[in-house]
Structure formats: C-alpha cells, structure tokens
Amino acid sequence: MPDTDSPHPGRIAPLPERRGVARRLHDFLLRPEASVIVVSAALVLYFEVANPNFLSGDNIETLSQFVAAPVIIACGEIMLLICREIDLSVGQVFALAPFVMGFAEAAGLPIIAAMVVALLVSGLIGLLIGLITIRLSVPSFITTLGAFFLINGITLTISRGFPANVPVGTDLAGFMGAWGYAEFVWALGIVAVMHVVLRHTRWGLHTVATGGNVIAAAEAGIRIDHIKIGNFVLTSTLGGFTGLMEAFRVGSADPLAGGSNIMFLGVASGVIGGTAIAGGAGTIVGGLVGGIMLGVLQDGFTLQGINAFMFNIIIGAAILIAMVANIHLARWRAPGGAR
Amino acid sequence: MTEAIRAEKLKKAFGHTTALDGVSMHVAYGETLGILGDNGAGKSTLIKILTGYHQPDAGQVFVDGRPVALASVSQARALGIECVYQDLALVNGLSIYHNMFLNRELLRPPNLHWWPFRLLDHAEMRRRAERALADIGVDVPSVEVEVGALSGGQRQAIAVARAVHGEARILLLDEPLAAMGAREARLIIGLIERLKARGDIAIVMIAHNYAQTLEICDRIMLMQHGEVTFESPAATTSAEQLLDIVRREYRAARAG
C-alpha cells in the first residue's frame, strides 16, 4: 500500500531485531571470515585427532612459517582486488628482492641500507606496473602477466640461475626471519597495520569506493589512478619484503623461489577470507584467516603423508567451496536478511 | 524570491547536431522548476552545462546574478551547483554515512603532532550523517546500513541528502522519480517538498511524468528539439494542456 498519509513519508522500514547471544552469534556467522574460522577450527581438530603431533610446538612453528608469507602477500592482493586490480607478478618480485639486496651489499652498502634498496626496487616495479596499467589502459591481469615473465628473466639473469648466500646467524637475520616465529610476528604486525589502513583511513575507504563504484568515486573527486597505482606499489613492496624475510629464514636467496605459487596462495587466502574478486569488498583479517586455513590444510595433510599432488586437489576444492559459500552467503549477509 | 541561477540563450552543438538552440531558464531559491521533454530534446545537455560538464558554444550562465564560467564540474560544485544522478551517485559496498562523507571524510585529531597519518572519525561522521538526514526528514534505522541494501528511492534520498549536506544550493535532479513505485516516489516527493520549504535551495528536475511533475514543481518548462516551447506556472497548467501542446508539436514536426 502506498503510504500517502504516513506521518513520516521519509521513513525507511526498520530492521527486524534480534537480541542477546543468538544475535551476536548470528552476526558473527554472517561475517565473511566466520565460515573460514569455523572450518579451520574443525580442520585443526581433525588433524589433532588424526595425528597427535599436529599441535606440538615444532609443528606449530612450521605451520606459522608456512602461513606468514602468503598472508603478507594477501594483504597487498586484497587491496588490489578491492579496487578491481590484481598483481600476478608479486611472486617474482619476491624472488628478485633478495638478489637486489645481495648486489647492494656486495657494492659496499650496509645490510640495512641494502634491504632498503631492495624494497625501493620492489616498490619501483609496482609503480611501473601501475603506470602501465592505468596510464596505458592495459588490464592489470595482462600487465602483471608480462611482468611475471620479465622479472623472472631478470632474476635468473642477474643470479645466473644460482642461489646466493644471505648472512646467517646475525641478530638482523633472526629478527627478519631466522628466529622461528619472526615471520609470523611480522605477518601479524603487517595484518594489523593493513587492517587499520583499510578500515580507518581515507586510503582504505577510497580503495573500497574505487572498486565499488568507480563513477561515483570519480564524481566525488577521488583520484582513482592514485589509489590504484599506490596499491600496486604497496603489493610489490610487500612481495619484496616477504622475499627478504624468506631469504633470511632459509639463509639463501633462490632464483626459483616464490613465483606463481606464493602469488596464488596470497590471492587464494584473500578470496577464501571473503574478498570479492569483482572488487568493492574485502577484509584484511579474512586474508589472515584464509592463509591460516590453507596452511593448516597443507601442514595437516603433509603430516598425514598425503603427497603434493593430492594437496593441489584439496586446495583447489577448498577455493571453489569457499567461493561458492561466500557468494551464496552474501545474500543473507545483506542487512535486512534474505532478499 | 531571490533568483539563484539564470541561463541566457545557451547554444550547444555536437558536430552537426544542435542540442541546444538558444535556451534560457531561471530558478529562484525555494522554487522548483520541472523540465519536461522527449529524449533528445536537450534536457540532459542543459543540465550538463549547468553542472560544468559541457561548455556552451554561446550564451551565459548567472549564479546569484553574477555571470559565471562553469568550466568544470568542480567549479560548478564550488558555486553550490550539484547534480544527483539516480544510479551513479553511491557506492553499494559502503555504509550510508561513508557515502555521505565520500571524499569529504572527517579525520580524528592527531594524537601525536608529528605523526602525519590521521584516522577516520567514524563516530563523528555517523553523528553528523544522522543529524543531516534528520534535518531533511529522511528517517533511517541506522546510518551504518550498506547503501546496496537500500531501495532505489532510499538511495535517491541519501544521494539528495548528501548533496544538500555538501552545501549544494542549486540542486539538479536527473529523473528523480524514474522507475519508482508509488511508495518510493512519495518518499522523494516528500523530501523535495521539505527542501523547497527551507527556502534556501533552488531545485531543477528533469522528468517524464507530466502529472507528477506538475504536482511537485512550481513552474514547468517544455523542451523540444533544443528549444523551450512552453513555460508556465504549474498551478495554472494541466497535464492535458501539456499533452495537447506536445501532440501539436509532433504534428507540426511531421508536417514540416
């Protein structure tokens, strides 16, 4: 019925109210990360029952190391996915950065300065990718596919295809990755910072607006190009940082490290955690949770003695299931209930 | 009533197509002007000149009696001219209050004076958005609701509220009632009436529906082939009269 005589013609129907614990549980379960947390907890339980070593100190350390790199990469990819871009080449920056650091150190720079040089080069690569994508209107899928092979070639050329040593046994090496939980602490720190950036800064809000409705964002005066290019720089820099971290942990730089594997794990972590591939929505915490779930899967099945081939089948199925669940749960997630 | 905006003898051609052929219009604060006409009559071109999106080939626009050059959308906005488009204005994934403050966000005062990065002041934005909506009688259960969950009419109301809150004094509405049910249309008509009653906002709306436009607007203008063919106070005009004029124009166009 048209409410022509309504005393409040501007009235928008209120949401149905639920109270107390049920309401809280309901709200939690409708969060994009919630299903992943529930599934991860179930997996941990299952693996612990199947193999009592699963929750041993050693294994948790291994697990934390496996989780850290994809989660940090995910922080960048999530920002890019939210503003409707993607970086396929980040894993190659991951491989290149330790060699850049090595060359800078060999050229006489102190190790800290050499690390800064490596991060600057990583950021510069992101800047170039961003400029090509935005200024020349090339889809980032294509730009970064090209960059993937290009950077890989550069890494192989400057390394001549051989691994290089990275200083071990120093406090810095321990701080950067050699100490058992160093990587995971970095990952948590970066997650915390990026969560604040996404939810509590203009940069984050404008990233969501850019991906959500590019015309509305531009109409409001948001610099779309700055937002996108900035997020490419961010992702590449995080990729380079992760590469340095892993090199310090392993004690050497491997030209074949990273690549597509680490990139896909990063993107998958974000997507499993509820980031929309179509842009406009996503959470950093979801990326952390997604990364942990992938880590638990890999580590748990490794302990069970399931081989790497099988693992890819499981990871693929996990991504598909998570995507289907996310898309279909989103209908109930909209305020006001099922629509 | 004080005149808000006046356009004199605007002309605009795109290649060989004449979109506007000497169009003049004016609207005062507290007044609502409805522009009716078919597709291709020049309504959108007129609106786009007033918002600084297109520049006229000839003619002059005056705001508050002063001649102005509307060279860009931001220049027009700085003069208090804002256009609300039905579908393009809001970001679905963001809450009502984030949309209302899009790119005009409020930031928290810095805790440390040397720290360059400042965080969003969500609480203050929420509070001000609530007040701004209450001021013009748009009643929402929560400004934290994502805009994507709202209906077309509610979204339109939020977009109008944002423009007014952003200090728009000359509000251009592009088909504000298109594709809306009776209830939704009521919501927007009520909103327009409340804005009119404030007396400090001039409204220009483009529309198709004669009866609705006559009901909402103080004055209506009929456009055809880039010219104003009829102008009259809404009170002394009927929908039948308008239809008659349009029919006659068609017949003349077909004969010529």
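## Basis of the model

The model is predicted: local features need pLDDT of at least 70, side-chain atom pairs count only at pLDDT 80 or more, and totals for chains, interfaces and linings use all residues. Residues are numbered from 1 along each chain as its sequence is written, while chains are lettered from A and ligands numbered from 1 in the order in which they are written.

## Chain A overall

Chain A contains 14 helices and 2 strands (DSSP runs numbered from the N terminus: H or I of at least four residues for helices, E of at least two for strands). Of its 339 residues, 48% are buried, that is, with 20 or more other C-beta atoms, placed from the backbone, within 10 Å of their own.

## Helices α4 and α12 of chain A

Helix α4(A) (residues 90–106) packs against helix α12(A) (residues 259–272) at about 125 degrees, with axes 7 Å apart (axes are lines fitted to C-alpha atoms over the stretch in contact, and angles run from 0 to 180 degrees between N-to-C directions).

## Hairpin of chain B

Strands β1(B) (residues 3–14) and β2(B) (residues 17–28) run antiparallel and are joined by 9 bridges (strands pair if DSSP finds at least two bridges between them). Lys11(B) has Asp21(B) of β2(B) as its bridge partner. The hairpin has 2 residues between its strands, and Gly15(B) takes a positive phi near 60 degrees.

Note on methods:
A residue is buried if 20 or more other C-beta atoms lie within 10 Å of its own, exposed if 12 or fewer, and partly exposed in between; C-beta atoms are placed from the backbone.
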